[in-house]
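Trainee: I have a model open on my screen and would like to learn how to read it. Could we go through it together?

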Amino acid sequence: MTPDPNPVGVALRDPKRVMQLARMGSFHQCRLSFMRILLRRLKSESWRFTRPGFDINAKGVGHAVYTAHGPDHSYSLVAFAHDLPPEKRSDRVIATAWDATFTLFDGVPDKADIDRLRLNIPKQEAGRVTGRELSVSRANRSVRLFDHVVNSLAAGQQPDAGRVRDVGYLMRTTAVYGSGKLGAADREHTAGRPELRAPFQIEMLSVFLTRAFVLDLVEHLAKLRAPDTAVVLEPGLRRSFGIGNSTGLGLAPFLMNHPVLLNNWIAAREQALARVRSLPLASPEDVARFHHFVQRAQVNAATWHSEHPVQVEKLTGLRADLETLARHLEANPPEGDMPWNRLWLWAEQALGLEGQEQVLSLLLEPYGALVDDLGDQMDADEAKAFGIDGAMNVSTLRALSEDIYDWALNIDWATADAQARVWYTSEEKLEPRLGERAEEPIEPYEQPLCPGRDAARMYTDLQGETDGPIAGFLLRHPKHRHIVRRVQIAARYPYAEIRDNTISADMLPIDLLRAKLAYFGATHFDPRSDRWVRINMFRNAPFPQDLAQGEADDWTLPPLKEVAS
Amino acid sequence: MSWSMNEVEVLAKKAARGAGQSWGLAEETGKAVRMLAGQGIEATGHLATLLKANDGVAFHTIAPADPDGVWSASGGQLCPLVAGACLSDRAAEFGVDRDLTLDHIAFPVFLIPFAQAVARQTGRTIRLNWADVYVFVDGALVWVDGNVQSLSISVVVSAEVSAVDNTTGRALDKTDRAAMTQIAAAELTGFAQRTYAPATDASRLAGAGAGLSDND
């Protein structure tokens with residue numbers, strides 16, 4: 001089941017190669033990341049930004065409204081700021097209070113809307129919203145940085161640049177809920193609007209406006225505290241604050257629960273790579289731009305910090321790979337026939353996974369005109385692919401299983417390591433968790449998040465079935481409906497299935513998290529455990545009011561003048 | 001209180017799983033309830049009643065025993081979700097003319113979403129009939145002719161499914177918010193709870209992301 005080759009001849013990468021957890025856990029943001037798609041649109045369509053409300057007292061309590069006006073619709077972030085006792089601050093799903101809570105409202109809210117939202121948004125999952133609300137989210141302060149910044153600004157000084165660089169954000173979101181959760185509008189309600197067709201645009205817009213709010217908030221609090229001496233942040237430093245995010249297991253099942261969507265994300269990026277690789281030649285300008293981005297990627301790798309041993313090793317590898325890349329480019333400038341393809345083929349042999357995936361992102365950077373349109377292909381009509389085709393033959397199902405799940409059929413599922421983990425939902429605030437099968441009584445609650453093992457079980461039951469439509473097999477073995485559907489989806493959508501054991505003893509949930517977060521456009525992945533990662537969103541991005549005059553899409557890698565100290 | 005379609009679908013799916021359906025069938029149950037909600041047909045109460053009746057009941061006793069003949073269940077009453085899945089699995093049989101009779105089936109309204117899938121796959125219009133109501137699905141819309149109240153019947157002696165060439169009656173309006181009574185929500189939530197593992201201190205610490213303190 002190889003994907004169709006690119007029209008000019010370079011084939012898309014084999015899903016068996018791409019859809020490995022270790023590689024997915026090495027994805028980097030790129031031109032097709034959702035934050036970047038958003039900002040390019042906000043600029044190209046000349047969106048206007050207003051702040052119809054800002055009412056926050058010296059204790060940091062109150063509300064604010066930030067509105068983004070597009071050609072057809074307006075969207076308003078309604079923010080509620082709270083006075084949170086430090087002992088209540090937690091990023092976990094089980095938290096019940098936060099420093100700030102938000103909703104993205106469809107339109108501009110009136111007073112009645114704000115009063116209703118004030119009763120519900122601060123409660124998050126314990127409240128209700130309506131079809132006028134598109135997303136619900138919350139954020140907590142960085143204890144290390146928030147007070148330091150307010151205090152510094154109040155005293156008339158800029159905060160310490162090193163501390164700012166170490167943390168990178170003043171607040172981090174701990175969940176952003178869309179798609180009908182808590183009663184909010186379903187994705188289908190707004191997916192027809194051109195500005196919301198690309199994935200997660202609502203959530204990305206919400207975070208973009210949240211960042212604007214948070215920066216205004218610290219300057220406002222400094223001014224309230226010391227009206228005579230307070231200053232605002234210096235613009236370059238101000239832009240260096242992103243919004244952090246604390247991402248845990250809630251995000252991990254998403255990629256497995258949305259196979260068609262996952263396929264479309266991956267296929268778009270693979271298609272982009274194939275287009276660049278297929279270019280017959282590279283202009284000197286494009287080569288110079290590529291060099292420029294390689295250097296910025298080196299700065300990025302140098303300033304990317306983590307203490308987690310897995311990430312430390314990956315970063316060591318990435319820095320070495322970028323050095324290898326730089327030396328290779330010096331000795332082998334991209335010239336002649338299909339230079340990017342030759343570079344890519346070299347990278348696949350010479351670099352590790354982090355390096356290869358970084359090179360992929362870098363190859364796209366000079367070629368927005370060639371690849372940005374692929375953003376239109378990243379949404380999915382999942383309903384269309386949902387129905388099982390009961391007319392498929394048993395022999396076809398068997399052959400598909402042997403092709404797509406060959407790796408799973410070769411695993412001995414009876415060993416303890418192969419099925420060491422169980423994905424489940426805790427009754428405690430419905431928090432998604434990953435447990436140890438042998439140590440906790442959680443197997444009865446196992447979620448269907450191990451397609452490999454399920455395919456192997458289905459394949460075993462297929463032995464001895466006479467050929468004919470699988471409808472009969474399904475009636476006799478109803479427990480295989482889920483995996484049969486997945487096999488049929490993966491047959492039509494080559495990148496739909498992760499070709500790796502998702503319940504093994506050594507599986508790293510952060511690989512799943514990073515893959516999704518890279519598509520969001522997040523940077524500075526900082527794992528705090530094997531199942532929890534801190535990231536930064538919109539770091540160095542323009543603010544809403546900057547979009548009209550300045551660049552909208554040149555912020556995901558640090559500028560060259562920023563040098564790590 | 002209005003619900004999003006996503007909430008109703010997810011609750012129905014989890015409830016169906018909690019009541020013993022396989023995950024695959026539970027996913028289809030969720031989609032079926034969502035589809036009906038989108039046509040203004042509030043099926044969550046029916047689902048709660050159906051799940052209570054079939055709680056712990058063996059699959060083969062509520063499934064069609066002989067899919068090539070009249071569909072009837074060895075236990076005496078067909079589950080419409082099981083029969084519906086069986087129907088959509090055999091969609092190809094409705095590409096040509098095929099008349100299907102289902103014998104003693106609960107809440108036949110749940111056949112509608114599966115018949116819609118058959119209509120989409122085959123390009124045919126499918127007609128369902130029980131008691132004094134006719135339902136037509138043409139791949140996009142749902143048409144009702146006859147007594148609309150009969151959509152809510154909890155069990156019928158027989159229902160007919162056939163491929164036809166025309167629709168009659170009135171097309172139902174679509175909606176994008178779902179209705180669900182508090183009672184139905186509570187009953188479905190009760191079943192859904194069975195899919196959640198009881199919390200323990202150990203699982204709280206080890207199972208998720210941050211430890212108890214994650215301040216930075």
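Trainee: How much area do chain B and chain A bury between them?

Mentor: First, a word on the source: this is a predicted model, in which local features need pLDDT of at least 70 and side-chain atom pairs count only at pLDDT 80 or more, while totals for chains, interfaces and linings use all residues. Residues are numbered from 1 along each chain as its sequence is written, chains are lettered from A in the order in which they are written, and side-chain values use heavy atoms, with hydrogens and water left out. Buried area is the accessible area (1.4 Å probe) that two parts lose on being put together, summed over both. Here chain B and chain A bury about 4,100 Å², and 49% of that is on carbon and sulfur atoms.

Trainee: How many residues of each chain are in contact?

Mentor: Contact means heavy atoms within 4.5 Å. By that rule, 46 residues of chain B touch 62 residues of chain A.

Trainee: How many salt bridges are there between chain B and chain A?

Mentor: A salt bridge is a side-chain nitrogen of Lys or Arg within 4 Å of a carboxyl oxygen of Asp or Glu. Seven are counted between chain B and chain A. Asp89(B) pairs with Arg481(A) in a salt bridge, with the closest N and O atoms 2.8 Å apart.

Trainee: Which element gives the largest share of the side of chain B that touches chain A?

Mentor: That is α2(B), with seven residues. Helices (H or I, at least four residues) and strands (E, at least two) are DSSP runs, numbered from the N terminus.

Trainee: Now the inside. Which residues have the most contacts within the largest nonpolar core?

Mentor: In soluble globular proteins, nonpolar side chains tend to be buried together. A nonpolar core is a set of buried Ala, Val, Leu, Ile, Met, Phe, Trp, Tyr and Cys residues joined through side-chain atoms within 4.5 Å. Buried means under 20% relative accessible area, exposed over 50%, and partly exposed in between (1.4 Å probe, protein chains only). The largest core here has 158 residues, and Leu39(A), Phe213(A), Trp340(A), Trp423(A) and Phe538(A) have the most contacts inside it. Helix α8 (residues 201-225) of chain A gives the most to this core, 14 residues. Apart from it lies another core of 71 residues, with Leu475(A), Ala12(B), Leu25(B) and Val135(B) among them.

Trainee: Is His69(A) buried or exposed?

Mentor: His69(A) counts as buried because its relative accessibility is 16%. This residue lies in strand β2 (residues 62-69) of chain A. For its partners, you need the polar contact: a pair of N or O atoms within 3.5 Å; within protein, one must be able to donate a hydrogen and the other to accept it, and residues adjacent in sequence count only if both atoms are side-chain atoms. The side chain of His69(A) makes one with that of Thr50(A) at 3.0 Å, and another with that of Ser74(A) at 2.8 Å.

Trainee: Where in chain A do Arg534(A) and Asp91(A) lie?

Mentor: These two form a salt bridge, the closest N and O atoms being 3.2 Å apart. Arg534(A) is in strand β11 (residues 532-537) and Asp91(A) in the loop between β3 (74-81) and β4 (100-106), 443 residues apart. Both Arg534(A) and Asp91(A) are buried.
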